[in-house]
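Take a look at the protein below. Turn it around before you read on.

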Amino acid sequence: MDKFIIGSHQSFTKGFNGLYESMKEQGGNTFQFFMRNPRGSKRKEFDKEDADALIENMKGEVPIMLVHAPYTLNPCSDKEYVKEFARDVLKEDIERLEYFGNHLYNFHPGSHLKQGAEVGIEIISDLLNEILYEDMKTTVLLETMAGKGTEVGRNFEELAMIIEKVKLKDKLGICMDTCHIHEGGYDIVNNLDGVLKEFDDIIGIEKLRAIHLNDSKNPIGAHKDRHEEIGKGQIGLEAIKRIINHEKLRALPFYLETPLDNIGHAKEIGLLRSLRD
């Protein structure tokens with residue numbers, strides 16, 4: 001039986017080991033966090049003692065953690081200084097994450113701002129070719145997007161095009177956000193098998209490395225990206241249950257990004273554990 005790897009997005013205000021403590025309070029066994037301010041550039045000074053405490057506590061218990069890049073990044077902007085900022089942040093975050101071993105770093109591909117998706121894809125792949133290197137331990141994940149505005153990654157084809165242009169493909173994977181792909185037009189409620197087959201045909205299921213487990217406030221194809229609590233949105237509890245138990249997904253780490261506090265996430269984790277076969 002596969003271990004159910006489940007956790008939520010955690011606040012980094014109490015440092016590295018505070019992430020572990022919050023995870024335990026919620027009944028999870030993994031976690032996601034921002035290495036820096038999610039809407040700015042500021043990051044904490046690296047506390048080696050705190051980091052080592054997290055590493056020690058993680059031994060034999062937390063198989064993997066996920067760091068999320070700031071929301072403000074736009075790697076495929078039409079402005080050079082915005083692209084440079086994204087490049088610097090990604091490099092710095094990955095360098096720090098490398099201290100912990102084999103973990104995951106997730107980012108939104110960005111918005112092409114009317115340059116065209118093909119131009120955006122070229123810029124993103126060029127950036128990845130610059131920051132990925134042979135002996136890195138971190139796996140960098142492209143996130144599936146809902147398709148609002150001029151977002152890149154609104155469908156599997158765009159993500160596949162990015163991967164195709166990257167030299168070190170083994171350092172790259174996909175984080176599938178259930179809210180995003182639902183609002184992007186993929187029918188995971190009524191045709192999960194079909195969606196996963198399409199993903200496998202276009203990208204390859206082996207590239208799927210993590211799941212952002214979110215319900216959606218909006219109907220399929222809305223392209224708005226509005227997360228809802230588990231079981232209270234348009235995806236619904238039955239579909240969520242199928243997702244966490246699906247043979248092609250159940251071994252992956254699941255991360256909640258629902259609009260709740262630690263107490264709320266503890267309840268959701270308990271609910272999801274009760275739904276796990």
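What follows is a walk through this model, from the whole chain down to single residues.

Keep in mind that the model is predicted. Start with the whole. The protein has nine helices and ten strands. Its radius of gyration is 18 Å, close to the 19 Å that the globule rule gives for 277 residues, so the protein is as compact as a globular protein of that length. Along the principal axes, the C-alpha trace spans about 50 × 45 × 30 Å. How much of the protein is buried? Of the 277 residues, 57% count as buried. Now consider the contacts. Take those with a separation of 6 or more; residues 24 or more positions apart account for 76% of them.

Next, pick out a single helix. Helix H1 covers residues 15–26. These twelve residues reach 17 Å from the first C-alpha to the last. That is close to the 16 Å expected at 1.5 Å a residue. Is H1 mostly covered or mostly open? H1 is mostly covered, with nine of its twelve residues buried. Among them are Phe-16, Leu-19, Tyr-20 and Met-23. What covers them? The cover includes strands E1 (6–9) and E2 (30–34). It also includes helices H2 (48–58), H3 (80–97) and H9. Just after H1 comes Gly-27, with a positive phi of about 80 degrees.

Glu-268 is buried, yet it has no salt bridge. Where is the nearest side chain of opposite charge? It belongs to Lys-232, 7.3 Å away. A salt bridge needs the nitrogen and the oxygen within 4 Å. The side chain of Glu-268 does reach a backbone atom: the nitrogen of Ile-230, at 2.8 Å. Not counting residues up to four places away in sequence, Glu-268 touches Glu-229, Ile-230, Leu-256, Thr-258 and Leu-260.

Step back to the loop between strand E10 (254–256) and H9, where Asp-261 is found. Asp-261 counts as partly exposed because its relative accessibility is 49%, and the cut-off for exposed is over 50%. The side chain of Asp-261 reaches the backbone nitrogen of Ile-263 at 3.3 Å. Look also for His-9. Asp-261 and His-9 are 252 residues apart along the chain, but their C-alpha atoms are separated by 9.7 Å.

Now turn to charged pairs. Side chains of opposite charge can pair when their charged atoms come close. How many salt bridges does the structure hold? The structure holds 16. One of them joins the side chains of Arg-36 and Asp-93, at 2.9 Å from N to O. This pair links distant parts of the chain. Arg-36 sits in the loop between E2 and H2, while Asp-93 is in helix H3, 57 residues apart. Are these two buried or exposed? Arg-36 counts as buried because its relative accessibility is 6%. Asp-93 is buried too, at 0%.

The side chains of Lys-83 and Glu-80 meet in a salt bridge, at 3.4 Å from N to O. Both residues lie in H3, three residues apart, about one turn of the helix. Lys-83 counts as buried because its relative accessibility is 17%. Glu-80, at 42%, counts as partly exposed. Salt bridges can also share partners: in this way Arg-36, Glu-92 and Asp-93 join into one network. A further salt bridge is formed by Asp-78 and Lys-79, with the closest N and O atoms 3.5 Å apart. Asp-78 is partly exposed, with a relative accessible area of 40%. Lys-79 is partly exposed as well, at 40%.

Finish with two backbone details. Lys-114 has a positive phi of about 70 degrees although it is not a glycine. Lys-114 lies in the loop between strand E4 (104–107) and helix H4 (117–131). Lys-114 is exposed, with a relative accessible area of 78%. His-223 is not a glycine either, yet has a positive phi of about 55 degrees. Look for His-223 in the loop between strand E8 (215–216) and strand E9 (227–228). His-223 is partly exposed, at 32% relative accessible area.

Conventions. Residues numbered from 1 in each chain as written. Heavy atoms only, no water. Buried < 20%, exposed > 50% of the residue type's maximum accessible area, 1.4 Å probe, protein only. Lys, Arg positive; Asp, Glu negative; His and termini not counted. Polar contact = N/O pair within 3.5 Å; in protein donor to acceptor, adjacent residues only side chain to side chain. Contact = heavy atoms within 4.5 Å. Helix = DSSP H or I, 4+ residues; strand = E, 2+ residues; numbered from the N terminus. Expected span 1.5 Å × (residues − 1). Rg over C-alpha atoms; globule rule 2.2 N^0.38 Å.
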